[in-house]
Amino acid sequence: MTQELLVAGGGIAGLAAAVAGSRAGWEVRLFEQAAAFGEVGAGLQLGPNATRLLGEWGLLDAVRARAAAPRRLVVRDAHRGHEIAALALGADIERRYGAPYLTAHRADLHAVLLEAAQGRGARLHTGTRLAAMDEDEAVVRLHTECGRTVEGEALAVADGLWSTLRVQLLGGQARPRAFGHLAYRGLLPAADVADRGLLRAVTAWLGPDLHAVTYPVRSGELLNVVCFVEGRVEGDPTGWDREATAARLQAALRPVRGGLRALVDAMPGWRLWVLHDRAPLGSAQEMARGRAALLGDAAHPMRPYLAQGAAMALEDAGALGRALAMADGRLIDVPTALRCYAQGRWQRCARVQRRSLRNGRIFHAGGLVRWGRDASLRLLGARLLDMPWLYGPL
């Protein structure tokens, strides 16, 4: 008998779970609170650990056709603009890890996953707000705000950082925290980028109390620019795509000159993201309880300083699909399968969370720490920037 996977959330994590669940032979029903499927935001990076999985799902060509394939990862001084270190990407990293390093617009990855989920027969429900869940020995139930109840044999909780179902599952522990960093995001047409080399690289610009990341998206038609500065703003903490004025960003970037300053001055408009996270995972129980498994930001939100948020969501979905493939009632039951999923994922996700925390401190360092960081990068370069533990096969 076919089993049914319920998925809460229609972002990247939720759609990836729908694809993986359907590949495992499950019927999938996905519930998204927005009136239509869509993905806001700007760019994301997909390292070989992410693109390898997309290849296994038969989706890599579709993503590659919409993405960019930078040739280098470059670290620059934010104030003066000079290069500190670099790592070859492109054909070099694809040869080393068997999968490419791509940069993409979030909406393009989302569209590929949405098409794949629909193509595999997932039933997708928009405009559906979920109020609660419960379960018994046989099924898990989702209750909507309009009073409807749906049942399935397993639940993928992928409704993001402010997940209401996570609160119910874990008792409200570890609420998201604002840690004092703001992200200003914008997309610059390639024609307005004076330094053409920026359209062929992922560039990290490091300076005291700030850093920026730039890379091409949409096959090089646009340059994604994200500036991270220290500060706080008032208002609804759950909104992650706000309008922003350039004045506050310009004040924070006052010492910046050269290439980064030219990009900031050329940007036609900015969106603001107030960054939140949680402490790194401490146990497998934070990723699965009973017939429910948590994925992506609902499970392990991380600071974007290792560029692994989307990749970890894809990895979660892949691991969940493998667990669900075993849960046919003969090999193992669903709760046991989901415990195996969580046990196999939590330590890796916690490691990525910890490394992201560490990178934030290193990127924004000043004084002697900044000097030591730059000296190490000049000396060791590619050895420090490459991450075989992360990019290699699991």
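**View 1. Leucine 5 and its partner in strand S2.** In S2, leucine 5 has valine 28 as its bridge partner. The two strands involved are S1 (residues 4-8) and S2, paired in the parallel sense over 5 bridges. Two strands count as paired if DSSP finds at least two bridges between them. Strands (E, at least two residues) and helices (H or I, at least four) are DSSP runs, numbered from the N terminus. From S1 the chain passes through helix H1 (residues 12-23) to S2, a right-handed β-α-β crossover. Right-handed here means that, with the strands pointing away from the viewer, the path from the first strand over the helix to the second runs clockwise. The model is predicted: local features need pLDDT of at least 70, side-chain atom pairs count only at pLDDT 80 or more, and totals for chains, interfaces and linings use all residues. Residues are numbered from 1 along each chain as its sequence is written, and side-chain values use heavy atoms, with hydrogens and water left out.

View 2. How many of the 5 residues of S1 are buried? The count is 5 of 5, so S1 is largely enclosed by the rest of the structure. Buried means under 20% relative accessible area, exposed over 50%, and partly exposed in between (1.4 Å probe, protein chains only). In a regular strand the side chains alternate between the two faces of the sheet. Glu4, Leu6 and Ala8 point one way from S1, while Leu5 and Val7 point the other way. Valine 7 has leucine 30 as its bridge partner in S2, and stands opposite alanine 156 in S11. Alanine 8 has valine 157 as its bridge partner in S11. S1 and S11 (residues 154-157) pair in the parallel sense over 4 bridges.

View 3. S2 runs parallel to strand S7 (residues 123-125), joined by 3 bridges. Leucine 30 stands opposite leucine 124 in S7. The open sheet has 6 strands in the order S7-S2-S1-S11-S19-S18, with mixed pairing. S7 and S18 (288-289) are its edge strands, each pairing on one side only.

**View 4. The second largest cavity.** A cavity is a set of points, on a 1 Å grid over the protein atoms alone, where a 1.4 Å probe fits but cannot get out; lining residues have an atom within 4 Å of a point. By this rule there are 2 cavities of 30 Å³ or more. By class, 3 are nonpolar, 2 polar and 3 charged. Helix H10 (residues 334-363) gives the largest share of this lining, 3 residues.

**View 5. Tyrosine 101 and tyrosine 391.** The whole structure holds 4 aromatic pairs. Rings of Phe, Tyr and Trp (its six-membered ring) pair if their centres lie within 6.5 Å; planes under 30 degrees apart count as stacked, over 60 as edge-to-face and the rest as tilted. The ring centres of tyrosine 101 and tyrosine 391 are 6.0 Å apart and the planes stand at 85 degrees, so the pair is edge-to-face. Tyrosine 101 lies in the loop between helix H4 (90-97) and strand S6 (102-105), and tyrosine 391 in helix H13 (residues 388-391), so the pair ties together parts 290 residues apart in sequence. Ring pairs link Tyr97, Tyr101 and Tyr391 into a cluster.

Methods. On a 1 Å grid over the protein atoms alone, a cavity is a set of points where a 1.4 Å probe fits but cannot get out, and a pocket is an open set with protein on both sides within 12 Å along at least five of seven lines; lining residues have an atom within 4 Å of a point. Grid points are joined across faces, edges and corners, and a volume is the space filled by probe spheres set on the points. Ala, Val, Leu, Ile, Met, Phe, Trp, Tyr, Cys and Pro count as nonpolar, Asp, Glu, Lys and Arg as charged, and the others, Gly among them, as polar.
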